[in-house]
Amino acid sequence: MPLMSDGARSPDLADRAGTGDLHALRGQLTGGLVLPGDPEWDDARRAWNLAVDQRPVAIALVESVEDVVKVVEFAGEHGLRIAPQGTGHGASALAVLDETILVKTSRLRGVEIDAGTARARVQAGALWEDVVVPAAEQGFVVLHGSSPDVGVVGYTLGGGMGWLARSRGLAANSVTAVELVTSEGKFVRLDSENEPDLFWAVRGGGGSFGVVTAIELELYPTPELYAGAMFWPLERAGEVLRAWREWTEAVPDEVTSVGRILHFPPLPDVPEPMRGQSFVIVEAVFVGSEADGNALVAQLRELEPAMDTFAAVAPTALQHLHMDPPHPVPGIGDGLFLERLPDEAIGAFVENAVPPLVSLEIRQLGGTMASSAQHQGAVGTLDAGYVMFAVGMAPSPEIAAAVHEAVDRVKAALGPWASARTYFNFAERPVGGARLYPLKTYTFQRLRKIRATHDPAEMFVSNHPIPPAVVIDTARIASAPLFADLPAAELEALAGAMGEAEVDAGTEVVTVDESGSTVYLIEAGEAEVIGADGPLSVTLGPGDTFGEIGLLLTAGKRTATVVARTPMKLLALSEPDFERIREQIPEFERSLRSLGLERSSR
Ligand SMILES: Cc1cc2nc3c(=O)[nH]c(=O)nc-3n(C[C@H](O)[C@H](O)[C@H](O)COP(=O)(O)OP(=O)(O)OC[C@H]3O[C@@H](n4cnc5c(N)ncnc54)[C@H](O)[C@@H]3O)c2cc1C
């Protein structure tokens, strides 16, 4: 039984849809519609994470795109919301499901492997094991994560960091098309040609944009793989993790690895040598030959592990390397990005890696995850050095509270090295969407604008929702010198394309050359401009614009960084919108030129 309440109301039907209407919807679906009081109710509302108590208005067990369309249309007509869910691995960060139909995709598990085009088409309810096995049979690997029963879609929409992440990148950036039902009940296939904005948004923006019914992924020819884990007694945690950190600094991008502390629970399904024992463990996957792999891990072997499973492996073996629980559990966890991992951070990690926490891991980032490529989705690149995740089991509300506190303690201890950004898929508590993306690339604001276009009434409930952007009134930009010459209609178009951003004092808002052409208008607060040789005597304040072009005027420098001196309120125009507006509004180009702002080549 679920243990924790999400604060939801009792499972009475929401006021907006009467029982009769819901029964009528049930009659229209090929799949099922489960309502409170039905014998299957408790089974149907259970998430993979048993610590979450889901109490929606109804649960739609969809079996086709038509079923999804009918449920979305029904929700639209009755003012209800829709929460798409594959497995419920990510359910702990979901909002309260009042007035929400939970759309479970678990009956849509079809997978097609096309060896000719090296693509897999995966239905929304498929688990990674449903794809890994048939892909391997045809000579391919996919960018799955540590667990075979995580849902392909939820994992991929949040980024998707697996064993090939440093060599092949994040799963979201490997998606070639997405099939989705919009808030208007329209079925669309998104790709780089069709609805490119929405296609970009779902690849890292999560489930805020529609119900995904299928996803198309790149397949990679199976390389030679060398992988395994080394175990040492817990007492050696500091020494081993420091050695692992040094090792990560030298390994090639073909190595993706994890340093972790694991307190194996004393449960019957844990193998005998590990049951009830605690270890410090290094797990790694090397894309390459056994001989080269042996040479690579030799440095770790010198630490004389108590157990060592490294060997040449088949691609299907990677699913089990991390020893994730093979069935639903009540878990409470959370994560953070670490900019660096100095000895002091390792010390703080080890000191706090104690029960009731079960697993605390640090994954090395970098490699392909850190390199930008033209066709990336909203997840973009991950720039931190490492990512940490800590989790414990919560079989009772008392233990849940203790695990929660223990997770907080680890996070606080690692605070000095943590990034402002946090990883979507490892954020198991609701976080403001802005924290999931780098500010400098304006990703969050662009996502908000796309949400406002495609789901302004916020029909979709997702684990980390992207709020729709507010419409910017023209009066808010009219007095800025950069926009002063624009005719009213153009000013309106420009304002309509802008989004709001708020930053804390000390935030690096933009670095020319990295930000592309994003333009910022300061509404409140002050910023200073830092050139390569240190601060320039330029302070930017309300009414000033900056960004690539603004900086050329203000500071006369090609390379500079703008840092918020105080908390700031900004209006911003994303790079794609900026380029579109420049083409559509000739006056804007003229206005720029009148300020001496020619287009610069980067
Ligand atoms: C044991 C375990 C291991 C993990 N390992 C990794 C890992 O190695 N790497 C990594 O990156 N993450 C990992 N995660 C995190 C995992 O990727 C996220 O929890 C992810 O959200 C799970 O996706 P899901 O579909 O299984 O879960 P769900 O809870 O079903 O989905 C999560 C969210 O995805 C969205 N979503 C799901 N299906 C749809 C759909 N059809 N249409 C629209 N939106 C949808 C919804 O917003 C939903 O709230 C792990 C989590 C667990 C519990």
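Hi everyone. A word on ground rules: this is a predicted model, where local features need pLDDT of at least 70, side-chain atom pairs count only at pLDDT 80 or more, and totals for chains, interfaces and linings use all residues. Residues are numbered from 1 along each chain as its sequence is written, and side-chain values use heavy atoms, with hydrogens and water left out.

Let's begin with the whole chain. Its secondary structure comes to 17 helices and 27 strands; these are DSSP runs, with helices being H or I of at least four residues and strands E of at least two, numbered from the N terminus. The C-alpha atoms fill a box of roughly 75 × 65 × 55 Å along the principal axes. How does the radius of gyration fit a compact globule? For 602 residues, such a globule would have a value near 25 Å, and the chain agrees because it has 25 Å. That radius is taken over C-alpha atoms, and the globule rule is 2.2 Å times the number of residues to the power 0.38.

Now, the inside. Buried residues make up 56% of the 602 in the chain. Buried means under 20% relative accessible area, exposed means over 50%, and partly exposed is in between, with a 1.4 Å probe and protein chains only. In soluble globular proteins, nonpolar side chains tend to be buried together. Here the largest nonpolar core has 63 residues, and W128 and V178 touch the most other members. Helix α7, residues 196–205, gives the most to this core, with five residues. A second, separate core of 44 residues includes L300, I332, A353 and M388. By nonpolar core I mean a set of buried Ala, Val, Leu, Ile, Met, Phe, Trp, Tyr and Cys residues joined through side-chain atoms within 4.5 Å.

Next, the ligand. Another pair puts a ligand oxygen 3.0 Å from a side-chain N or O atom of R363. Taken alone the ligand exposes 950 Å², and the protein buries 95% of that; these areas come from the Shrake-Rupley method with a 1.4 Å probe.

Most residues other than glycine have a negative phi, and most peptide bonds are trans. P355 and P356, however, are joined by a cis peptide bond, with omega about 15 degrees. P356 sits in the loop between α10 (343–352) and β18 (357–364).

E304 is not a glycine, yet its phi is positive, at about 50 degrees. You'll find E304 in the loop between α9 (290–301) and β15 (307–308). Is E304 buried or exposed? With a relative accessible area of 64%, E304 is exposed.

M323 also is not a glycine and has a positive phi, of about 60 degrees. M323 lies in the loop between β16 (311–312) and β17 (331–338), and at 28% relative accessibility M323 counts as partly exposed.

Conventions
A polar contact is a pair of N or O atoms within 3.5 Å; within protein, one must be able to donate a hydrogen and the other to accept it, and residues adjacent in sequence count only if both atoms are side-chain atoms.
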